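Please read them alongside the sequence and the coordinates.

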Amino acid sequence: MTTAVKEQRTASAVTPVERRRRLMPRWRDYGRPRELVVRYLLLLFVLGITVGPLFWQLLSSLKGVGEDVFGANASLFPSDPTLRAYREVFAQVPVWTYIRNSMVVVALSVTSQLVFSTLAGYMLSKPSWKGRKLVWVLLMASMMFPFESIMVSLFLSIRDLGLIDHVAGVWLPGFVAAINVLIMRAAFLAVPREIEDAAMLDGAGEWKRFRYLYLPSAWGAILVVTINTFISAWDDFLWPLIVLRTEDHFTLTLGLARLQSSSFGYDQRMVMAGSVISVIPVLVLFVITQRWFYKGVSSGAVKL
């Protein structure tokens with residue numbers, strides 16, 4: 001009797017209950033029960049720190065006029081949930097104008113970051129040109145200076161270009177970021193040199209190698225750059241506050257900050273509602289792209 005036949009008979013002799021028992025995860029697969037409990041407690045603690053404030057803002061924005069948001073008498077859950085605060089926000093401030101301006105800034109920032117950080121990262125990953133190390137050092141050095149240290153010079157440059165109180169003046173300082181260039185450079189350096197040599201032997205030019213070899217391998221890094229750029233451009237407050245003057249050009253974060261002024265009575269529920277409105281696009285982006293993000297990272301790792 002051959003070994004394959006013996007294995008087949010042994011597998012057929014196992015009952016369905018025993019088969020399910022073997023397939024079920026066991027405690028030792030995850031570690032000791034005490035370690036598992038500590039692990040889940042830490043995860044719940046981190047979840048409370050990250051999601052807790054947003055959840056509290058959402059519940060506070062649903063409270064009625066007579067309910068306290070802060071203080072000893074304030075409760076976590078609203079007794080009579082209502083969308084009055086959201087209706088007041090859309091009625092008193094031009095939210096859709098703010099959203100449009102923010103989307104324009106985000107679209108310009110994401111496009112320029114993807115195009116130029118990808119091209120710059122690809123060039124920096126090539127060892128066949130002089131001055132590459134100098135450019136690398138300059139990029140690293142530029143990350144050492146905080147934005148506040150160059151804010152005045154940026155403002156003077158934007159003023160000389162005539163872009164004060166213009167959406168382009170908000171976008172131009174975020175034209176390309178050094179951190180995104182370094183991310184793309186690291187992704188392109190992970191491509192084996194042997195694969196590029198094989199593509200060159202097949203007659204693939206520089207553009208074809210970049211388009212069909214490097215870009216598919218760096219799909220995960222491209223999504224990282226896209227998400228980081230979207231979040232930073234959408235949540236930016238300080239620079240739009242310096243550049244923009246008229247309400248028609250305000251971004252969403254800058255426009256909703258007006259809800260804290262005395263002209264709107266400083267309704268705490270409206271402030272909470274504005275905060276929730278500004279967070280919704282970021283959450284939608286995460287929900288939509290998380291599958292492709294992790295898929296891009298995993299597929300790039302397998303290919304490389």
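1. In which helix does Glu196 lie? Glu196 belongs to helix α11, residues 193-201. Helices (H or I, at least four residues) and strands (E, at least two) are DSSP runs numbered from the N terminus.

2. This is a predicted model, in which local features need pLDDT of at least 70 and side-chain atom pairs count only at pLDDT 80 or more, while totals for chains, interfaces and linings use all residues. Residues are numbered from 1 along each chain as its sequence is written, and side-chain values use heavy atoms, with hydrogens and water left out.

3. Overall content: the chain has 16 helices and zero strands. Of its 304 residues, 33% are buried. Buried means under 20% relative accessible area, exposed over 50%, and partly exposed in between (1.4 Å probe, protein chains only). Contact means heavy atoms within 4.5 Å. Among contacts between residues at least 6 apart in sequence, 70% join residues at least 24 apart.

4. Not counting residues up to four places away in sequence, Glu196 touches Tyr122, Lys126, Arg209, Leu213 and Tyr214. With the side chain of Tyr214, the Glu196 side chain makes a polar contact at 2.5 Å. A polar contact is a pair of N or O atoms within 3.5 Å; within protein, one must be able to donate a hydrogen and the other to accept it, and residues adjacent in sequence count only if both atoms are side-chain atoms.

5. Lys126 sits in the loop between α6 and α7 (132-142). Its relative accessibility is 8%, so Lys126 counts as buried. The side chain of Lys126 also makes a polar contact with the side chain of Tyr214, at 3.2 Å. Leaving aside neighbours within four places in sequence, Lys126 is in contact with Arg132, Arg193, Glu196, Glu206 and Tyr214.

6. Helix α12 covers residues 206-217, twelve in number. From first C-alpha to last, α12 reaches 16 Å, close to the 16 Å expected at 1.5 Å a residue; the expected span is 1.5 Å times one less than the number of residues. The buried residues of α12 are Arg209, Phe210, Leu213, Tyr214, Leu215 and Ser217.

7. How do α6 and α13 pack? Helix α6 (residues 95-124) and helix α13 (residues 219-235) meet at an angle of about 145°, and their axes are 9 Å apart. Axes are lines fitted to C-alpha atoms, for helices over the stretch in contact, and angles run from 0 to 180 degrees between N-to-C directions. The crossing of α6 and α13 is right-handed. A crossing is left-handed if the near helix is turned anticlockwise from the far one by less than a right angle, and right-handed if clockwise. On the α6 side the contact is made by Ile99, Ser102, Met103, Val106, Ser109, Val110, Gln113, Leu114 and Ser117; α13 supplies Ile222, Val225, Thr226, Thr229, Phe230, Ala233 and Trp234. By class, the contact has ten nonpolar, six polar and no charged residues. Here Ala, Val, Leu, Ile, Met, Phe, Trp, Tyr, Cys and Pro count as nonpolar, Asp, Glu, Lys and Arg as charged, and the others, Gly among them, as polar.

8. Asp165 has a positive phi of about 60° although it is not a glycine. Asp165 lies in the loop between α8 (147-160) and α9 (167-171). With a relative accessible area of 15%, Asp165 is buried.

9. Leu59 is part of helix α4, residues 33-61. Its relative accessible area is 8%, so Leu59 is buried. Leaving aside neighbours within four places in sequence, Leu59 is in contact with Leu76, Phe77 and Pro78. Leu59 and Ala273 are 214 residues apart along the chain, and their C-alpha atoms are separated by 9.4 Å.

10. Phe70 lies in the loop between α4 and α5 (84-92) and, at 44% relative accessibility, counts as partly exposed. Phe70 touches Trp56, Gln268 and Met272, not counting residues up to four places away in sequence. Phe70 and Gln268 are 198 residues apart in sequence and 8.9 Å apart in space, C-alpha to C-alpha.

11. Gln290 is found in helix α16, residues 268-303. Gln290 counts as partly exposed because its relative accessibility is 31%. Between Gln290 and Ile227 there are 9.9 Å in space, C-alpha to C-alpha, and the two are 63 residues apart in sequence.
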